[in-house]
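Subject: The structure I promised you

Hi,

Have a look at it first, and then read on for what I found.

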Amino acid sequence: MIQPSQHLSAAQFAPLLHTFRRQSPLVHCMTNDVVQNFTANVLLALNASPAMVIDADEAAQFSGFADALLINVGTLTRERQRAMQAAVSAAREAGTPWTLDPVAVGALTLRSDFCQQLLSQQPAVIRGNASEILALAQQASGGRGVDTLHPAVAALDAARQLAKEWNTRVIVTGEVDYATDGQRTFAIRGGSPMLTRVVGTGCALSAVVAGFSALPGDGLLNIAAACQVMATAGEKAAGQATGPGSFATAFLDALWTLEGDHETH
Ligand SMILES: Nc1ncnc2c1ncn2[C@@H]1O[C@H](COP(=O)(O)OP(=O)(O)OP(=O)(O)O)[C@@H](O)[C@H]1O
Ligand SMILES: Cc1ncsc1CCO
Ligand SMILES: [Mg+2]
């Protein structure tokens, strides 16, 4: 049976943003070379603490005491794969929630095989664009490089199926973001197409999602709030920017000043 999507009310969103800022999660980011700096700045703008620890031994140590771990395969190498696997194993042992961003999964063998192996290792969340979620569910062959070829809604069934099969939560992003645990689904509207004209907004969202996955309470609601944070800040920044350069700056400022206390869709 098709379950309807719920929306996130301002009353739900504002206190979660407040809690996130107060708890300031320490997020261990094992992410790609393109987005390291932007990802760290997005987390800092939300008062979280990013740390990019990538040596296999150090990563295994660090994921034991970070609040959350992000695995993003955007610029995967065999050596990084070993380090990421060590970090995931240590995170699971320590009970640290870890989030998977399966960048460009599908056509490329190393990352596709690795992401399939990771599915059975209890990710707290998987966050990808529609082509990535379809490819992970083996329903399509992937996107155009790192970009999606599908609208988010086209991957909603695949997201629900993945969530059920692997007992996890899946976020598929696009014009509308969907966050599902296979039973319940939140739809998060807003944002701006400008978010796709600056590299790494999806990757940074995955880091924010990882941080929100460390909060107590309703895990699905928490990660839906992460999407709402990015959508609301993106919309605000788009209203002020004249192009991608000023958008990136305005976006960080909007994250910093976001109140979360107004009605959201
Ligand atoms: N058409 C759109 N309208 C509004 N917001 C959008 C649109 N497309 C994407 N977004 C937003 O942009 C952000 C990044 O999502 P996207 O699906 O582009 O990730 P991605 O493809 O993984 O990006 P990247 O790999 O560059 O990090 C999300 O917050 C999403 O809601
Ligand atoms: C452009 C690009 N190439 C590999 S990772 C990445 C960042 C967006 O996912
Ligand atoms: Mg991506």
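Let's start with a question: at what angle do helix 2 and helix 10 pack, and how far apart are their axes? Before I answer, please keep in mind that this is a predicted model.

The angle is about 25°, and the axes of helix 2 (residues 36-45) and helix 10 (residues 244-257) lie 8 Å apart. Angles under 35 degrees count as roughly parallel, so helix 2 is roughly parallel to helix 10. On the helix 2 side, the contact is made by Asn-41, Val-42 and Ala-45, and on the helix 10 side by Leu-252, Leu-255 and Trp-256. Sorted by class, that contact has five nonpolar residues, one polar and no charged.

Leaving aside neighbours within four places in sequence, Leu-255 is in contact with Val-42, Ala-45, Leu-46 and Ala-233.

Now zoom out to the whole protein chain. Its secondary structure comes to ten helices and nine strands. The radius of gyration is 17 Å, close to the 18 Å that the globule rule gives for 265 residues, so the chain is as compact as a globular protein of that length. Its C-alpha atoms fill a box of roughly 45 × 40 × 35 Å along the principal axes. Of the 265 residues, 54% count as buried. And if you take the contacts with a separation of 6 or more, 71% of them come from residues 24 or more positions apart.

Is Val-27 buried or exposed? Val-27 counts as buried because it has 27 C-beta neighbours inside 10 Å. Not counting residues up to four places away in sequence, Val-27 touches a whole list of others, including Leu-43, Pro-50, Asp-67, Leu-70 and Gly-211.

Then there are the ligands. Around ligand 1 there are 22 residues, and Asn-129, Thr-173, Gly-191, Leu-195 and Gly-202 come nearest. Helix 8 (201-212) and helix 9 (219-238) are the elements that give two or more residues to this shell, and helix 8 gives the most, with four. By class, the shell around ligand 1 has nine nonpolar, ten polar and three charged residues. Ligand 2 has Asn-32, Val-34, Val-35, Gly-74, Thr-75, Val-103, Val-146, Val-199, Gly-200 and Cys-203 around it. That shell divides into six nonpolar, four polar and no charged residues.

Most residues other than glycine have a negative phi. Gln-122, however, is not a glycine and has a positive phi of about 55°. You'll find Gln-122 in the loop between helix 5 (109-119) and strand 6 (125-129), and with 14 C-beta neighbours inside 10 Å it counts as partly exposed. Asn-167 also has a positive phi, near 50°. Asn-167 sits in the loop between helix 7 (156-166) and strand 7 (169-173), and counts as exposed because it has 10 C-beta neighbours inside 10 Å.

Happy to go through any of this with you.

Cheers

Definitions and conventions
Residues are numbered from 1 along each chain as its sequence is written. Chains are lettered from A and ligands numbered from 1 in the order in which they are written. This is a predicted model: local features need pLDDT of at least 70, side-chain atom pairs count only at pLDDT 80 or more; totals for chains, interfaces and linings use all residues. A residue is buried if 20 or more other C-beta atoms lie within 10 Å of its own, exposed if 12 or fewer, and partly exposed in between; C-beta atoms are placed from the backbone. Two residues are in contact if their C-beta atoms, placed from the backbone, lie within 7 Å. A residue is near a molecule or strand if its C-beta atom, placed from the backbone, lies within 6 Å of it. Ala, Val, Leu, Ile, Met, Phe, Trp, Tyr, Cys and Pro count as nonpolar, Asp, Glu, Lys and Arg as charged, and the others, Gly among them, as polar. Axes are lines fitted to C-alpha atoms, for helices over the stretch in contact, and angles run from 0 to 180 degrees between N-to-C directions. Angles under 35 degrees count as roughly parallel, over 145 as roughly antiparallel, 65 to 115 as roughly perpendicular and the rest as oblique. The radius of gyration is taken over C-alpha atoms; the globule rule is 2.2 Å times the number of residues to the power 0.38.
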